[in-house]
Amino acid sequence: MVRAPAPTTLLKFQGRRDWPPEPEVDDWGLTPSQQESYVEQFRRILSSKDAWQEDKHDYYALRRFLRARTYDLEKATIMWMNNMAFKAEFKVDTMLQDFYFGEREKFIEAFPQGYHKCDKKGRPIYIQLLGQVDVVKMKKVTTEERMIKFHIQEYERCNKVIMPVCSHLAGRNVDQTFGILDAKGVGLSHLSGEVKRVLTSLLKYDQDNYPEALGHICIINAPSVFRMLWNLIKGVLDARTQSKIEILGTNYLDGLLKWVDIDSIPVWLGGKSHGSLIDDIGPWSDPEVLAQLGMDLEDLRHNKRPPPSVGGSQAHMSTTNSLRDHSLLRRVSDASEGAGGFHSPSGSSADLSSALSHRPPSQRLTSASSPEMIEDANSRHISLAAVALRGTTSNAPSIGDSGHMPSAPGGFTAIPEAPALPPKASTLTQRVATLEAMFPPHIDRLKPLLQESATIGLPMHSGASNKSAPPGSLVYRVEVLEEALDTLVVAQKISLANQQQLLTQAKEREKGPKPRQCCCCIC
């Protein structure tokens, strides 16, 4: 194992670091404080060359380049500057907005690859079916230039969208993937000629510009020719690289289960997760998960990552902790195709697993999603918020011909229909301001119902505001959310009490005097 020399002085990092570093000594023999010192030295060098921006390059991005060059500052600087030239050439910083790969589905059919859920460490799983690569079909679908751009775009999506979502769910920094390479059907033709040239070209971009991205890879269904080549080359690899690569045969499932839960392994690899590589199944593609984490897909695509605690909001941290809980986070696919939802696992595991269900293609957000599709997903977020504010259910009374809600049975006042939400504003600040402005009318709408809380033994809720902070401040906005939640809780209790009273009345009617039965023919 190659060791890095300890730094002569210890420095504190002066940049962005959302998550605390791992407490243990790393593979290069450096303690967390020694790693931090190297990263800070590297940052200062890059800053002097105008090659570092705090909002784009965090602690872990710098550390990956350092580790790729065994913490050699000079070599890491050369690698970084070459990467800057690469980004300028391919316009990488705006590739998620500017490049639309409309042939994605047909391309993946010819070159099967993609992300599918997460492993037990919370790392996204990247799967390649090497034996099914069809170069002839691939050339009919797209050009080599567009294929390379799509490959780079997927790396950018992973760094800007997938990894931040996985980090928030894991509660720590996640910046590596877990790979599964299915070598079934691989022969000498895949290890030479056109397939080898294409794969070597892509690998070159990976190694030079996305270092230290692979945490571990399992090569399954490895044929004898593959094992023979591996035995020849592994002798020249260092121990650390060898430890990342695991060769498994046809009975690979037990080996995979050391790293991945059965609910996160696709059914076509022996697991229980439905969906194909085209579906891009994972928390990063689920609008509901993004909404609960307070993450905006378009912001992520622009490399605008929210910190672990958005504005220090305790509500956000509570949501993140709940999603991080294994029993709440895991989704298992329903046996019926296209169905799914949150289900509690049968067993308890301390390991993180993002076994997200198969969602309809129209609701998944991939690199090929057009701006219209993303806007539609954001609109669904607001629709969910509207339902939450209304507190309505599928059994709510319908609006009559007069346009008013009918009175509820048992003397309870029905809640009038909430006004439709306005179109989504263009910025997050405007969206927050719009929702805050909508809150007082919703309180007025619920007042008739809230005034009945005392009649059913609930604390009286006046609907008056108890906010103490100045309008526009962060504390004020948190108080707005607290009042909204308090209002919804009281309204829900009233609704449940109403249902209980109706049920009690129905039972009493059933227990009433029965009609007299006559014994004669004519009553």
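Helices are taken as DSSP runs of at least four residues and are numbered from the N terminus. On this basis, in the predicted model, Pro306 falls in the loop that connects α13 (297-301) with α14 (314-324). The relative accessible area of Pro306 is 16%, and the residue is therefore buried, the limit for that class being under 20%. When neighbours within four places in sequence are set aside, the contacts of Pro306 are Arg16, Asp18, His168, Met295 and Leu300. Asp18 and Pro306 are 288 residues apart along the chain, and their C-alpha atoms are separated by 8.9 Å.

Aromatic pairs were examined next. A pair of aromatic rings is described by the distance of the centres and the angle of the planes. The structure holds 19 such pairs. In one of them, formed by Phe13 and Tyr59, the ring centres are 5.3 Å apart and the planes stand at 75°, so the arrangement is edge-to-face; planes over 60 degrees apart fall in this class. Phe13 belongs to the segment before α1 (32-48), whereas Tyr59 belongs to helix α2 (residues 59-68), and the pair therefore ties together parts 46 residues apart in sequence.

Trp28 and Tyr71 make up another edge-to-face pair, with ring centres 5.9 Å apart and planes at 75°. Here Trp28 is located in the segment before α1 and Tyr71 in the loop between α2 and α3 (73-90), so that parts 43 residues apart in sequence are tied together by the pair. Trp28 is buried, at 5% relative accessibility, and Tyr71 is likewise buried, at 3%.

Beyond these two pairs, an aromatic cluster is formed by Phe86, Phe90, Tyr155, Tyr205 and Tyr210.

Charged side chains are also placed over aromatic rings. The ring of Tyr59, which pairs with that of Phe13, has the charged end of Arg17 over it, at 4.6 Å from the ring centre. In a further case, Arg43 is positioned over the face of Trp52, and the distance to the ring centre is 4.9 Å.

Key. Residues are numbered from 1 along each chain as its sequence is written. This is a predicted model: local features need pLDDT of at least 70, side-chain atom pairs count only at pLDDT 80 or more; totals for chains, interfaces and linings use all residues. Side-chain values use heavy atoms; hydrogens and water are left out. Helices (H or I, at least four residues) and strands (E, at least two) are DSSP runs, numbered from the N terminus. Buried means under 20% relative accessible area, exposed over 50%, partly exposed in between (1.4 Å probe, protein chains only). Contact means heavy atoms within 4.5 Å. Rings of Phe, Tyr and Trp (its six-membered ring) pair if their centres lie within 6.5 Å; planes under 30 degrees apart count as stacked, over 60 as edge-to-face and the rest as tilted. A charge sits over a ring if NZ of Lys or CZ of Arg is within 6 Å of the ring centre and within 35 degrees of the ring normal.
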